[in-house]
Amino acid sequence: MTENKKTQDVVATFDDPKTEPVDLDRLTAALGKRSIVLVGIMGCGKSTVGKRLAHRLGLEFIDADSEIERAANMTVSEIFAAHGEPYFRSGEERVIARLLGEGPQVLATGGGAFMSETTRSEIAEQGLSVWLKVDFETVMARVRRRATRPLLQNPDPEGTMRRLLAEREPVYAKATLTVTSKDVPHEAVVDQIVVAMAHYLFQGEDNLTSPSSFT
């Protein structure tokens with residue numbers, strides 16, 4: 001782990017929007033060997049926010065898609081084109097299962113990874129899932145900046161995105177924590193995640209059964 005400030009003041013943007021001091025050493029101790037697993041639709045900010053969250057907590061950041069590309073010696077787009085989505089998803093399950101055994105870390109997953117019941121079970125056992133929830137307009141503005149999204153390589157990317165959101169959001173909502181990813185500085189989203197984790201991890205084992213939402 002890297003050296004970090006022991007206590008971080010964060011702004012909670014939910015029901016009680018006050019600045020709260022969060023003991024980061026206590027937070028990582030409560031996390032134990034579990035990984036913080038960021039889930040959500042493509043373009044929600046998992047990689048950019050994840051890197052900053054990892055730095056804040058003194059943890060390693062891992063991007064699951066990058067690990068898949070390294071294992072296959074192909075880009076995600078190339079895997080989709082050569083072998084199809086089912087082949088990619090099977091490899092994705094195996095890679096994420098391996099990575100979860102290497103925690104604690106901040107792990108950014110691909111947009112479809114959390115759709116796998118197998119992967120969700122692995123994350124529940126070895127991680128703490130955080131859904132970065134984002135609205136349609138925001139996510140489309142972000143994904144237009146990259147032309148390499150395999151699922152959007154069609155004549156109607158907006159229609160595809162609406163369909164994906166409709167299909168996937170009910171599953172993303174099964175994540176332990178929900179944090180809204182808005183067009184604000186990435187550090188502000190990190191603040192929200194830190195506060196959400198603190199509320200969840202510090203409240204006592206008897207109350208750690210229901211998902212929490214911070215917007």
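Residues are counted from 1 along each chain as its sequence is written, and hydrogens and water are left out, with side-chain values resting on heavy atoms. Since the model is predicted, local features need pLDDT of at least 70 and side-chain atom pairs count only at pLDDT 80 or more, while totals for chains, interfaces and linings use all residues.

Start with the helices. Two packed helices are described by the angle between their axes and the distance between the axes. Here helices (H or I, at least four residues) and strands (E, at least two) are DSSP runs, numbered from the N terminus. Axes are lines fitted to C-alpha atoms, for helices over the stretch in contact, with angles running from 0 to 180 degrees between N-to-C directions.

Helix H9 (residues 186–201) meets helix H2 (residues 46–57), their axes coming within 9 Å and crossing at roughly 60°. That makes H2 oblique to H9; angles under 35 degrees count as roughly parallel, over 145 as roughly antiparallel, 65 to 115 as roughly perpendicular and the rest as oblique. On the H2 side, the contact (heavy atoms within 4.5 Å) involves Thr48, Val49, Arg52, Leu53, Arg56 and Leu57, and residues of H9 taking part include His186, Glu187 and Asp191. Sorted by class, this contact holds 8 nonpolar, 2 polar and 4 charged residues, where Ala, Val, Leu, Ile, Met, Phe, Trp, Tyr, Cys and Pro count as nonpolar, Asp, Glu, Lys and Arg as charged, and the others, Gly among them, as polar.

H9 also packs with helix H1 (residues 24–31), at about 60° and with the axes 10 Å apart. H1 and H9 are therefore oblique to each other, and their crossing is left-handed. Leu24, Leu27, Ala30 and Leu31 of H1 touch Val194, Met197, Ala198 and Leu201 of H9. That contact comes out as 8 nonpolar residues, with no polar and no charged ones.

Elsewhere, helix H3 (residues 64–72) sits with its axis 10 Å from that of helix H5 (residues 85–100), at an angle of about 110°. That makes H3 roughly perpendicular to H5. Ala64, Asp65, Glu67 and Ile68 from H3 meet Phe88, Glu92, Val95, Ile96, Arg98 and Leu99 from H5. The tally for this pair is 6 nonpolar, no polar and 4 charged.

Now for the backbone. Most residues other than glycine have a negative phi, and most peptide bonds are trans. Asn73, in the loop between H3 and helix H4 (76–83), has a positive phi of about 55° although it is not a glycine. The Gly103 to Pro104 peptide bond is cis, with omega near 5°, and Pro104 belongs to the loop between H5 and strand E5 (106–108).

Technical notes
A crossing is left-handed if the near helix is turned anticlockwise from the far one by less than a right angle, and right-handed if clockwise.
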